[in-house]
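Subject: Structure handover

Hello,

Here is the structure for you to take over. My notes on what was found follow below it.

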Amino acid sequence: MEIKISDEAIKWFKNEVEVSDGDTVKFQAKYGGYSPIHEGFSLAFSLNEPLKDTITSKEKEGITFFIDGTDAWYFEGYNLLVNYDKKADEVAYDYEESTK
């Protein structure tokens, strides 16, 4: 399992969420919404959570994006792709099957 984040998504996090060097962004499952991989669930993020029980992480431009063991079930068999949706002016999440 990997987190892949585009340069445009990094820019969005910096401008809209005001994350900066040394901050953390935790991706987590939440009940409700839409996800193409789990009906009735969607993806959310929280800022500056402690890095504990981390199952994968990606550091880019000084910001650490991660997923912890609590949400391993949600991402099992998938990589998380974080992109920027220009039309919606927000981040967009996609999933690709993991080869690992």
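First, a term for what follows: a contact, or touch, means heavy atoms within 4.5 Å. The model is predicted, so local features need pLDDT of at least 70, side-chain atom pairs count only at pLDDT 80 or more, and totals for chains, interfaces and linings use all residues. Residues are numbered from 1 along each chain as its sequence is written, and side-chain values use heavy atoms, with hydrogens and water left out.

The open sheet

Helices (H or I, at least four residues) and strands (E, at least two) are DSSP runs, numbered from the N terminus. Two strands pair if DSSP finds at least two bridges between them. Four strands make up an open sheet. Their order is β3-β2-β5-β4, with mixed pairing. β3 (41–47) and β4 (54–60) are the edge strands, each pairing on one side only. On average, neighbouring strands of this sheet are turned by 25 degrees against each other, direction ignored. Strand β2 (residues 24–31) runs antiparallel to β3, and seven bridges join the two. Val25 stands opposite Leu47 of β3.

Helix α1 (residues 7–17) packs on this sheet. The helix touches β2, β3, β4 and β5 (63–68). Its direction makes about 60 degrees with that of β3. For these angles, axes are lines fitted to C-alpha atoms, for helices over the stretch in contact, and values run from 0 to 180 degrees between N-to-C directions.

Two residues to look at

Thr56 sits in strand β4. Is Thr56 buried or exposed? Thr56 is buried, because its relative accessible area is 10% (buried means under 20%, exposed over 50%, partly exposed in between, with a 1.4 Å probe and protein chains only). Leaving out residues up to four places away in sequence, Thr56 touches Met1, Glu2, Ile3, Phe65, Phe66 and Ile67. Its side chain also reaches the backbone oxygen of Met1 at 3.2 Å.

Asn48 lies in the loop between β3 and β4. Asn48 is partly exposed, at 47% relative accessible area. With residues up to four places away in sequence not counted, Asn48 touches Asp23 and Thr24. The C-alpha atoms of Asn48 and Ile63 are 9.9 Å apart, across 15 residues of chain.

The hairpin

Strands β6 (residues 78–85) and β7 (residues 90–97) pair antiparallel over eight bridges. Val82 has Tyr93 in β7 as its bridge partner. The two strands form a hairpin with four residues between them. Asp89, in the turn, has a positive phi of about 55 degrees.

Best wishes

Notes:
Polar contact = N/O pair within 3.5 Å; in protein donor to acceptor, adjacent residues only side chain to side chain.
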